[in-house]
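Open your viewer, bring up the cartoon view and get ready to select by residue number. We will stop at a few places in turn and look around at each.

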Amino acid sequence: MKTLFDRTQIGTMKLKNRIFMAPMGTTGEADGSYCSEGIDYFEERAKGGAGLIITGANVVSTKYEPRPCTELSDFHHVERLNMLIDRCHHYGAKVCVQLSPGLGRQQFTDPFTPPYSAGAVGAFWFPNLICKPFDVEDIHYLVERVGYSASLAVNAGADSVMLHAYGGYLLDQFHSVQWNNRTDEYGGSLENRMRFTLECIEAMRKNIPAGMPILVKFTPHQRVEGFRTLDEGVEMAKILEAAGVDGLLVDTGCYEEWFQAITTIYSAPAHKKDVQAAIRKVVDVPLFGDGKYNDPAEAQAVVEDGILDYVGLGHQLLADPYWPKKVQKGHPEDIRPCIGCNECLLAGFSGKHYYCAVNPQCYAEKAYALPKADPAIKRSVLVIGGGPGGMEAAITAKQRGFDVELWEKSDRLGGTLWAAGGPDFKADVIKLIESLEIQCKKLGVDVKLGKEATPEAISQVKVDKIILAAGSTPAMPPIPGIETATLACDYLTHDATVGKNVVIIGGGLAGTEAACDIAPNAESVTIVEMMPDILFTAAHCLNNDQHLRKMVAERGVKVIADAKVTNIAADSVTYQKGGETCTLACDTVLNAAGFRAADQLEDACLAVCDEVAVVGDAVGPRKILDAVHEGYHAIRVME
């Protein structure tokens, strides 16, 4: 029986297990080289036990488009890549260097400069901007650059190379009829559309030692209406195998439905497995695949069933680099789960480096490392509030060897995470509660449930630092009848039920997710939002936004935006829109108008302690990332 921890070999590359770090883009130095933080980041994932590290795309040239991430086009890029590879090798991990001829119509351009692509089609970010098709000479130039970059990867000590040919990026634009409208030898038939990719494979083969594996990441099914279907994808797999590749990384999706490619919190576990299984039936080369195999049982099953030879973890290894070791040692309960929030992607697309909501040390492994505990230094901490910020602060304090007491006024830890994880499609948030709670127990945090922090109780405290993580309370907008509405958080925590005809006031994340949760069992669900659109102020990544909006459409949720609710009655809601007054009949009104910070105890804390840190929603209603990071850093910086 195959297992996750079998030792295997592909060509000259020997692997200690079947777990690989899925390729994800990283930031680099101004010249495109890997930065020190990026090297530390990869080293930590190797240290955590992954058998194979696949880098993000290294572009082979910037002649036609700006560099998106890192670059491997020049002899001087080898040094930093070699440092990365050597440090991963120290832990027994092998490294596959991914090479890309470019992003094409997906590149991060401005609204004035047409990007290059396979054909004269609209740019993704600016659809009215028509791309400039590559000349045949340009294609030949990029093929040569791919080959040269492969030789540079060899110089750097790479164990294998991978061609970046998926997800609607440049090579996949050539593969796809919706973007490739060429009439020369690179357009028309599938064989012609794949010619650029096959020439890149041949160029790579000529520039690497015999036996060194070439892997290709490709997208056999784009899962967008009118785009590539699996029938063509199967033929692509056969063509790639015939070209002599040593392994295929099977992906789905493209930017038009980006969540099909990059998992969101709304994605089902193993959501790419059906496509991976279809490709398994038609090729014999080793198959690599990712797509929310975060549960060790799911990962083991897809290997045991023979669908995948190697299982990829992407964002899960950002959340917890030690997933492989924890699974191998029989302690999966210690894994910090990825919650699919895609704050990592959002950070990158906002011009920052990676951030992980649940791992404050991601991409800052050395800068944000905890100081070693000094048994001679006795420090004490009081944490007020058992939400994510409070639990993270308590866990971090115990890891530093401090005495910790955590007060939570309710009868359970988790805070507003219970509401955030209320819908069945957000079960990953509940896993985060369980994970934090387990660590509190294992580390011996003195948790006092049912303990309300009052000014009187705080006045009796004598500690070195207080962490105020009291969270937030639902906002009550000045609408007549609002007091009769059901709080969205009460519905999401299953403390309240709704009827068959529901009106939700507020189309932020909580209101929109509640609507999607209610809709399958209701006759009508309507969101009334005063902003121009639902999710107008939601600062989340594009793929999460796309996925949630698709759920809204598929579940039949009605949206009335740019509307102001003026009255709530027992059986109706009245609102104004465009100068008209309208009334909606309903049997339930949900108040999802937002939250207000619960920071009232700050003065009481300051009266007894000089060091007080207010974290998470107690500062202002924000994100899980804010709470976890602020809780961690409030303890990390203690002297």
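Select residues 624–636 to begin: this is helix H21, with 13 residues. From first C-alpha to last, H21 reaches 18 Å, close to the 18 Å expected at 1.5 Å a residue (the expected span is 1.5 Å times one less than the number of residues). Helices (H or I, at least four residues) and strands (E, at least two) are DSSP runs, numbered from the N terminus. You are looking at a predicted model, in which local features need pLDDT of at least 70 and side-chain atom pairs count only at pLDDT 80 or more, while totals for chains, interfaces and linings use all residues. Residues are numbered from 1 along each chain as its sequence is written, and side-chain values use heavy atoms, with hydrogens and water left out.

Now colour H21 by burial: 12 of its 13 residues are buried (under 20% relative accessible area, with exposed over 50% and partly exposed in between, using a 1.4 Å probe and protein chains only). Among them are Ile624, Val628, Tyr632 and Arg636.

Stay on H21 and pick His633. Is His633 buried or exposed? Its relative accessible area is 17%, so it counts as buried. Show side chains, and you will find that of His633 in a polar contact with the side chain of Arg636, at 3.0 Å (a pair of N or O atoms within 3.5 Å; within protein, one must be able to donate a hydrogen and the other to accept it, and residues adjacent in sequence count only if both atoms are side-chain atoms). Leaving out residues up to four places away in sequence, His633 also touches Pro360 and Tyr368 (contact means heavy atoms within 4.5 Å).

H21 lies across E14, E17 and E28, at about 175 degrees to E17 (axes are lines fitted to C-alpha atoms, for helices over the stretch in contact, and angles run from 0 to 180 degrees between N-to-C directions). These strands belong to an open, parallel sheet of 5, in the order E16-E15-E14-E17-E28 (two strands pair if DSSP finds at least two bridges between them). Select 446–449 and 612–614: E16 and E28 stand at the edges with a single partner strand each, so one side of each lacks a neighbour in the sheet. From one strand to the next, the twist averages 15 degrees.

Zoom in on E14 (380–384) and E17 (465–468), joined by 4 bridges. Here Val381 stands opposite Lys465. Finally, select 388–399: helix H13 packs on the sheet, touching E14, E15 and E17.
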